[in-house]
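Subject: Structure for your files

Hello,

Here is the structure I said I would send. My notes on what was found in it follow below.

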Amino acid sequence: MLQTVKTNASTVLRVGVVGVGVMGSNHARVLAELPGVVLAGVADMNRKQAHHVGSTLGCPAVGSIEELLDRGVDAVSIAAPTHLHRDIALACIARGVHVLVEKPIASTVAEGDDIIAAARRAGVTLMIGHVERFNPAVQAIAEAIRGEDILSIAITRVGPFPPRMSNVGVVIDLAVHDIDLICWFTGSKIVEVQPQLSNAVAEREDIALLQFRTASGVLAHINTNWLTPFKARTVHVATKRKYVIGDLLTRQVTECYGFQPDGSYSMRHLSVGHAEPLRAELMAFIKSVREGAPPPVTGEDGVASLAVAIQCLDGRTDTELAPKSLPVVEVAPAPRRTRAAFVHS
Ligand SMILES: NC(=O)c1ccc[n+]([C@@H]2O[C@H](COP(=O)([O-])OP(=O)(O)OC[C@H]3O[C@@H](n4cnc5c(N)ncnc54)[C@H](O)[C@@H]3O)[C@@H](O)[C@H]2O)c1
């Protein structure tokens, strides 16, 4: 889809951030440093937090989205709690403002669809913050498997309980990243889900073993939990000719290739970049806004991964049988946790 609202490449883009908690304060930090961008302001209903971030970064701080829009912005990053994404996005889009919406796109598929429809009508750029796609290790894996015949994908994303529990479990909080990666790596959609969930300690699921089949026939597996005392994020991809192993934290990516009948094979470490994923994501968003080109992570991508995540929670297995709009998973406001500002999440 070609966007209709373009911004001249030579003009400085005025970009704001809505919700400057853990994630949004990082958006603001990165935007403040991007060339061709002015951090036009930060908005947070917690005015103290807005002022803290605004004074640290030297930008205006306001208490509401309306005040931010009234200051004049070309684009905003929305990093408020997920249950507010739809209303905040619609308010921005109604003023012709381009939006980057943090993942997950919204609390429900219907709300995500509303954002997509509004952005399309207004001709503004809508991108979803599936930041893992911009992790250099993920990009090295994607490059290594490009054009290969993918057979299976296994992703592990485990760690300890987060310092502040929201009322979503590991599927919406963590697995949604990997559902997006599976669709992106395969260029296909998930057509079958086999979820195993358990809430061992928390109110919501804190262990999830999720199995998928894509329309292209790839088998995929996500192992995620909050019961592991250390963080681990690994991706293994088997193709007909290669086996690629990536550690998303250490950013080491290795490929095994040249399989021989005697079981021997060769191994090499692949070159992996050093870019900060959030910076790469925000640069891609700004580029799409400037060029009026489709963003690398579309609203449809965001809804697709949310829909699969919700199906895992519902226990439905056949995605083709699922109704277009799936039931509401309430993503209500969470009690505040103590936070060190600018902690990289
Ligand atoms: N991409 C990732 O890896 C990643 C990581 C963490 C969080 N997230 C997403 O980012 C979003 C925010 O998560 P977080 O952990 O930063 O939450 P947070 O609670 O730390 O921050 C949210 C901020 O939004 C503010 N806020 C609440 N209502 C508001 C309103 N009406 N207008 C303006 N500001 C408002 C809150 O005061 C708070 O400061 C969520 O959608 C979450 O899923 C994404």
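R47 is partly exposed, with a relative accessible area of 42%. This is a predicted model, and the points below should be read as such. The side chain of R47 forms a salt bridge with that of E67, the N to O distance being 3.0 Å. R47 belongs to helix α2 (residues 47–57) and E67 to helix α3 (residues 65–70), so the bridge links distant parts of the chain, 20 residues apart. E67 is also partly exposed, at 29% relative accessibility.

Other salt bridges

The structure holds 19 salt bridges. One of them joins R157 and D178, with 2.8 Å from N to O. R157 sits in strand β7 (residues 150–158) and D178 in helix α7 (residues 170–186), so this pair ties together parts that are 21 residues apart in sequence. Are these two residues buried or exposed? Both R157 and D178 are buried. The cut-off behind that word is a relative accessible area under 20%.

E192 and R213 form another side-chain salt bridge, at 3.5 Å from N to O. Here the link runs from strand β8 (residues 190–198), which holds E192, to strand β9 (residues 207–214), which holds R213; the two residues are 21 apart and the pair links distant parts of the chain. E192 has a relative accessible area of 35%, which makes it partly exposed. R213 is partly exposed as well, at 36%. There is also a network: E148, R241, K242, E255 and R268 are joined into one by salt bridges that share partners.

The ligand

The ligand is surrounded by 25 residues, and the closest are M23, D44, T82, K103 and R164. By class, this shell is made of 11 nonpolar, eight polar and six charged residues.

- T82: a polar side-chain atom lies 2.8 Å from an oxygen atom of the ligand.
- K103: a backbone N or O atom lies 2.8 Å from an oxygen atom of the ligand.
- M45: a backbone N or O atom lies 3.4 Å from a nitrogen atom of the ligand.

On its own, the ligand has 850 Å² of accessible area, and the protein covers 84% of that.

Backbone points

Most residues other than glycine have a negative phi, and most peptide bonds are trans.

P104 is placed in the loop between β5 (98–102) and α5 (109–122).

R251 is found in the loop between β12 (242–247) and β13 (252–257). With a relative accessible area of 26%, R251 counts as partly exposed.

T108 is buried, at 4% relative accessibility. What does the side chain of T108 reach? The side chain of T108 comes to 3.0 Å from the backbone nitrogen of E111.

Y243, F259, Y265 and M267 make a nonpolar surface patch of about 420 Å². Of these, Y265 is placed in the loop between β13 and β14 (266–269). Y265 is partly exposed, at 46% relative accessibility.

S288 is part of helix α8 (residues 277–291). With a relative accessible area of 4%, S288 is buried. S288 and M127 are 161 residues apart along the chain, while their C-alpha atoms are separated by 8.9 Å.

Regards

Methods:
Residues numbered from 1 in each chain as written. Predicted model: local features only at pLDDT ≥ 70, side-chain atom pairs only at ≥ 80, totals over all residues. Heavy atoms only, no water. Near = heavy atom within 4 Å. Polar contact = N/O pair within 3.5 Å; in protein donor to acceptor, adjacent residues only side chain to side chain. Areas by Shrake-Rupley, 256 points an atom, 1.4 Å probe, with all protein chains shown as cover. Nonpolar A, V, L, I, M, F, W, Y, C, P; charged D, E, K, R; others polar. Helix = DSSP H or I, 4+ residues; strand = E, 2+ residues; numbered from the N terminus. Buried < 20%, exposed > 50% of the residue type's maximum accessible area, 1.4 Å probe, protein only. Salt bridge = Lys/Arg side-chain N within 4 Å of Asp/Glu carboxyl O. Patch = residues over 30% accessible without salt bridge, like charges linked within 9 Å, V, L, I, M, F, W, Y side chains within 5 Å.
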